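These are my notebook entries on one chain.

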Amino acid sequence: MGRFLARRLAWFGVVAFAIITLTFVISRLIPADPARLAAGLNAEPEQVEEVRRLMGLDQPLVGQYLTYLRGLLRGDLGRSVQSRQPVVDDLRMFLPATVELVGTAFVVYVALGVSLGILWTVRPDSWIARVIHLLTVGGVAVPVFWVGLVLQLILGTRLGWLPVAGRLSPDLVPPPTITGLYTVDAALAGRWDVWLDAVRHLVLPVAAAVFGVLSVATRLTRDSVTAELQREYVRTARSKGVPEGRALLRHVLPNALNPVLTMLGLQFGWLLANSILVEVVFSWPGIGLYAFTAFQTFDYNPIMAVTLVGTVTFFLVNTAVDLLYPLLDPRITASRL
């Protein structure tokens with residue numbers, strides 16, 4: 001296991017270095033002048049040059065790159081042009097909102113996708129299977145931002161059941177900051193009115209994020225469980241009088257979930273990427289909306305920082321998924337050591 005983690009860390013270092021380099025080069029190729037944006041459109045040329053010097057943009061490209069790498073080693077991600085403060089401080093402010101959104105969406109996605117896949121397998125010719133099939137086809141065909149707009153229009157504006165933007169209603173004071181997650185902090189503080197309002201604000205963005213990727217988990221679970229049900233050990237268990245439900249839960253699912261688990265790690269990356277669109281549509285104040293605003297103003301440092309955060313998160317999630325494999329199939333451990 002130690003060698004496995006060492007190999008993963010080495011590959012992560014290579015991938016992170018490549019992504020940092022690629023993002024840096026692309027950001028410098030964009031035909032925009034961040035010094036002009038930082039100084040203001042009405043600034044004099046001398047003022048723009050002074051801002052360019054302060055931002056280090058007067059150095060050669062290689063010099064800018066080495067300066068940026070040295071800052072990364074110190075934990076310095078630079079300053080944001082739009083907020084006028086260190087990007088690290090901005091990430092501390094906006095990251096909890098994205099963690100709450102993507103984390104909730106991932107939990108809902110796993111529970112719903114696996115459950116619907118199993119239900120589709122055990123009831124293949126029922127009306128429930130037809131509804132599930134329709135949902136999976138719709139999820140593939142419809143873009144996430146369109147789903148979000150439709151949910152806002154119907155459930156938010158027309159019916160007025162759920163809020164359509166933000167994390168909390170304007171008339172409520174946020175709970176004391178402990179984790180930065182409103183649902184968790186409100187529960188810890190015992191402010192159940194705030195907790196309920198935060199949950200209501202989560203419903204529509206989570207639904208929009210999950211709907212677009214639901215078909216992958218559902219279909220893969222169905223195919224994997226269907227294949228396992230045809231194995232010899234399942235027929236043996238049935239011949240011994242093991243109930244169908246018990247055979248499914250104790251014998252089939254542990255073997256069928258390995259490929260599903262692999263896919264879930266990858267799908268977390270898709271949820272994280274889709275969070276940019278979801279946060280823009282629902283005005284969710286996370287790093288997705290922060291990155292979108294940075295794109296609009298050609299603010300380099302936040303864009304590169306959000307890219308790096310996404311890379312680190314994707315690595316951690318997929319490493320955690322790999323470490324869960326031995327719980328489902330102990331034979332995998334021996335091959336890694």
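**Entry 1: the chain as a whole**

I found that 42% of the 337 residues of the chain count as buried, where buried means under 20% relative accessible area, exposed over 50% and partly exposed in between (1.4 Å probe, protein chains only). The model is predicted, with local features needing pLDDT of at least 70 and side-chain atom pairs counting only at pLDDT 80 or more, while totals for chains, interfaces and linings use all residues. Residues are numbered from 1 along each chain as its sequence is written, and side-chain values use heavy atoms, with hydrogens and water left out.

I counted 15 helices and 0 strands in the chain; these are DSSP runs numbered from the N terminus (helices H or I, at least four residues; strands E, at least two). Taken along the principal axes, the C-alpha atoms fill a box of roughly 85 × 55 × 40 Å. The chain exposes about 18,100 Å², of which carbon and sulfur atoms supply 68%; the areas come from the Shrake-Rupley method with a 1.4 Å probe, and for residues only the protein chains shown count as cover.

I then looked up contacts, meaning heavy atoms within 4.5 Å. Among contacts between residues at least 6 apart in sequence, 72% join residues at least 24 apart.

**Entry 2: helices H7 and H9**

Two packed helices are described by the angle between their axes and the distance between the axes. For H7 (residues 144-158) and H9, the axes come within 9 Å and cross at roughly 145 degrees. Axes here are lines fitted to C-alpha atoms, for helices over the stretch in contact, and angles run from 0 to 180 degrees between N-to-C directions.

Which residues of H7 and H9 meet? On the H7 side I noted Val144, Val147, Gly148, Leu151, Gln152 and Leu155, and on the H9 side Leu204, Ala207, Ala208, Ala209 and Phe211. The residues of this contact divide into 9 nonpolar, 2 polar and no charged. In this scheme Ala, Val, Leu, Ile, Met, Phe, Trp, Tyr, Cys and Pro count as nonpolar, Asp, Glu, Lys and Arg as charged, and the others, Gly among them, as polar.

**Entry 3: single residues**

Not counting residues up to four places away in sequence, Ala294 touches Gln82, Asp299, Pro302 and Ile303. Ala294 and Gly78 are 216 residues apart in sequence, and their C-alpha atoms are 13 Å apart in space.

Leu249 lies in helix H12 and is exposed, with a relative accessible area of 59%. From Leu249 to Ile20 I recorded 229 residues in sequence and 44 Å in space, C-alpha to C-alpha.

Most residues other than glycine have a negative phi. Ser283 has a positive phi of about 50 degrees although it is not a glycine. Ser283 sits in the loop between helix H12 (244-281) and helix H13 (287-297), and is partly exposed at 41% relative accessible area.
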